[in-house]
Amino acid sequence: MIYDVAVVGSGFSAIALTINLLRQLGPERSIAIIGDDPGFGRGTAYRSEFYLHRLNVPAARMSAFPDEPDDFLNWLKEKGRKPVGDYFAARGDYGLYLRDRLASLLRRRDDRVAVDFIKAKATACMMPGEADVEFHLDNDTVLRARHVALCLGVGNAEMPIASDLVPEKMQRRIVQNPWRLGWLSSVKPDDDICILGSGLTMVDQVLSLRSHGHRGKIHVISRRGLVPHPHSTIKPEPVEPRLPATSREISEILAGFRAQVREGADWRGLMDGLRHRTQHLWQELNDAQRSRFMRHALAWWNIHRHRLAPPVWSRFKPLIDAGTVTVHAGFIREIRESDGRIGIRFRKRGTSEMHEIAVDWIVNCTGMERAGIAHSPLLQQMLETSVIGMDRLGLGVSVDARSRICCPDGTVRQRLYAVGALTAGQFWEITAVPDIRNQAKKVAEEIAGELAGGAEVGRRQSA
């Protein structure tokens, strides 16, 4: 069986690319979508049904289609929502929107590309020849395709202390994946919680805990102790950043931004004005400059760039003010048993002083791992066999400016693409919907153009 295109993955990147391929390809073409997630396209981010789990980008910028910017807003209105101003929709609603838009394209049976959903995991990738790519699936079948797009996303980051250093009897009180919300039912109202990581996921889990009746103390530990800033209730106008004319040194770029803010520019407006230039600015940096940014500025970039929806902030901030949530900047040194509870020893940032707290649960909200290699046997196998290469800073899979995968020796795989967070090494700003949808559209156009120049037509799996 040979398909024209294989899309490997089940999250937003996969659905964004699939939607664009459905709009680009004719009925003589075929697509295989390989993934074992029953909620195709919703992934972890958009599966939540908790109303306080909100998008951190206004609904007006969340259309799945770059050329139809109001599409998500129109869907919300059709469903009886009232998206006034900078409305931050529930993540669950966005997942339903994606499902509806895909379903509407699939209902066009007479004149659309043929689509097969293969409910399986790809475990290995081979390239037996120049014409096609071969995937071995965990259902003991083999699938071939002429063009491939890896849309695998990333996995949860590991805790900041090796698991084998944690007493075995404490392991059951550590939540490694907080998005599996079943753990909340095991938490007693007065249990004390320690959340590792202080980003957006931490805020989501705090609000989930409180909505389930939790009343206990919540400690948050991260290396810098920084919490995301909120969006303004009144959206500022974007401010065009003044970049140094002859330098791309991180210190000089930041000095220029600070000068603009001192002169009266709204920092949120400045971040929004930088938005359309971020990818190009990243590509202008050399490896040393990128490394300095990641070491010294990344934490501050995250809290200013990835902001909280105002309704979320209005519920979270009082918990900080009341001392219900305490944020610590420090480095974990030991996790041990402490009178039947979990004892956590950490060094306070900037000092040699050691602190210890005792809690009933630890929740890992340290974010997403870079490149997603560790959680994916497929990507590990492709790396070991040199089908893919890693970018030099370890941020993702190596791709060129057209999202085509590069081998370890730098040569380009003409028919292999990556979409989404895996391409952070090339594009940096490639985790939010506005960026991924643009990338997905470009990749779909590339594939459609290549297929239009080819003579053969792929064959679907026979029944």
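Let's start at a salt bridge: in this predicted model, the side chains of D204 and R91 meet, with 3.0 Å from N to O. The domain assignment gives domain 1 as 2-155 + 370-462, domain 2 as 168-229 + 307-364, and domain 3 as 250-305.

Now look at how domain 1 and domain 2 meet. Their centres, taken over C-alpha atoms, are 33 Å apart. At the interface, 10 residues of domain 1 are in contact with 12 residues of domain 2. The size of an interface is often given as the accessible area lost when the parts come together. Here the area buried between domain 1 and domain 2 is about 1000 Å², and carbon and sulfur atoms give 67% of it. Across this interface there is 1 salt bridge, along with 3 residue pairs in polar contact. On the side of domain 1 that touches domain 2, the residues are 5 nonpolar, 3 polar and 2 charged.

The whole structure holds 4 cavities of 30 Å³ or more. The largest has a volume of about 100 Å³, and its lining includes P58, F88, K235 and R268. By class, that lining has 4 nonpolar, 2 polar and 6 charged residues.

Among the residues around it are N56, V57, D272 and R275, and its lining divides into 1 nonpolar, 2 polar and 5 charged. Where does this second largest cavity lie? Domain 1 and domain 3 both give residues to its lining, so the cavity lies between them.

Definitions and conventions: Residues numbered from 1 in each chain as written. Predicted model: local features only at pLDDT ≥ 70, side-chain atom pairs only at ≥ 80, totals over all residues. Heavy atoms only, no water. Domains from an automatic or database assignment. Contact = heavy atoms within 4.5 Å. Buried area = accessible area lost by both parts, 1.4 Å probe. Salt bridge = Lys/Arg side-chain N within 4 Å of Asp/Glu carboxyl O. Polar contact = N/O pair within 3.5 Å; in protein donor to acceptor, adjacent residues only side chain to side chain. Nonpolar A, V, L, I, M, F, W, Y, C, P; charged D, E, K, R; others polar. 1 Å grid on protein atoms, 1.4 Å probe; cavity = no way out; pocket = protein on both sides within 12 Å on 5 of 7 lines; lining within 4 Å. Points joined across faces, edges and corners; volume = space filled by probe spheres on them.
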